[in-house]
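Dear colleague,

I am handing over the structure below, and my notes on what was found in it follow directly after.

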Amino acid sequence: MNSSVKVSFFLKNPIPCPVCGLSFKKEEMLSGGGRLIARDITDELRRVYEPSRKAGEVFPLAYPVNVCPRCLYAAYGEDFPLIPQNHVDAAYSQAIKRRRDIGMLFPVIDFNAPRNLLTGTASYLLAISCSSFHKRDRAPTFKKAVSALRAAWLLGDLHRTYPGQNYEQVQLMFYRKAMCYYDLVVSYAQSGQERIDAVKHYGPDLDKNFGFEGVLFISSLLAYKYGDQGTREERIARLEKAKRTVSKVFGSGKSSKSKPSSIIDLSRDMFERLNARIEEIKKEG
């Protein structure tokens, strides 16, 4: 990264941590001036950025999660101040555990310094652990799901940047966590166990919002890619469930502003891929 070109700045007015009371300055990313050169979107609906001459390689996903530098309470900006008062003591008491857990993967980490790939990845791991402190109307399971997926993406970036550190093994673990969380999101949305209508941006990345249809697609995609665990019957059942889930996206066959044709086409293709995979498993000895 070109150190002569700023890629972020700290807001002038500090924000208070609702858990430990520390006031700290939130960091925001600068996106103009040729810093970001957007390219294609991957099959996992992640935006690809080309390194720029001005700023080098930039990781926009490093910035959305607020993290208190002292107690490591973490949440997305809109959720950060909304931890229920009756959960504050529990969140505070787990500060040492958060520091210990994150230290197992990132022994030296500093959230007072400008974000980098390491702290960006760590922020999502902390967001997952802190999401349980929030009420159901803040869609905590969805926040865990998208945080786990983004953590997996950034762990892949870490593996590419720092090979030989076993980040690819941790990445696989978080892909599988994301698979489980996305499956729960779909189940909870259907049963009404957890509200998801308060979610403003489903992502899964920052720039394009694929809506709840994107959630259904990602849930099925992760089952296809990472649902290879268990007996043959369990694998088939998981993939059959993924088929039912993704079929809801293209069931009507009509695109709209909230359901662009691209997600319909991707979901129809995923349905066929799931069918083929199920037939392959059935033919196994």
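How many bridges join strand β5 to strand β6? There are 3, and the two strands, β5 (residues 37–41) and β6 (residues 47–50), run antiparallel; strands are DSSP runs of E with at least two residues, helices are runs of H or I with at least four, and both are numbered from the N terminus, while two strands pair if DSSP finds at least two bridges between them.

Please note that this is a predicted model, in which local features need pLDDT of at least 70 and side-chain atom pairs count only at pLDDT 80 or more, whereas totals for chains, interfaces and linings use all residues. Residues are numbered from 1 along each chain as its sequence is written, and side-chain values use heavy atoms, with hydrogens and water left out.

β5 and β6 form a hairpin with 5 residues between them, and L45 in the turn has a positive phi of about 65 degrees, while I41 stands opposite R47 in β6.

D205, in the loop between α5 (167–191) and α6 (211–226), touches L45, R46 and R47, among others, not counting residues up to four places away in sequence (contact means heavy atoms within 4.5 Å). A polar atom of the D205 side chain lies 2.7 Å from the backbone nitrogen of R47. D205 is buried, with a relative accessible area of 3% (buried means under 20%, with a 1.4 Å probe and protein chains only).

The buried residues of α5 include Y167, F174 and Y188, and their cover includes α2 (95–105) and α6. Just after α5, G192 takes a positive phi of about 80 degrees.

Best regards

Technical notes. Buried means under 20% relative accessible area, exposed over 50%, partly exposed in between (1.4 Å probe, protein chains only). A polar contact is a pair of N or O atoms within 3.5 Å; within protein, one must be able to donate a hydrogen and the other to accept it, and residues adjacent in sequence count only if both atoms are side-chain atoms.
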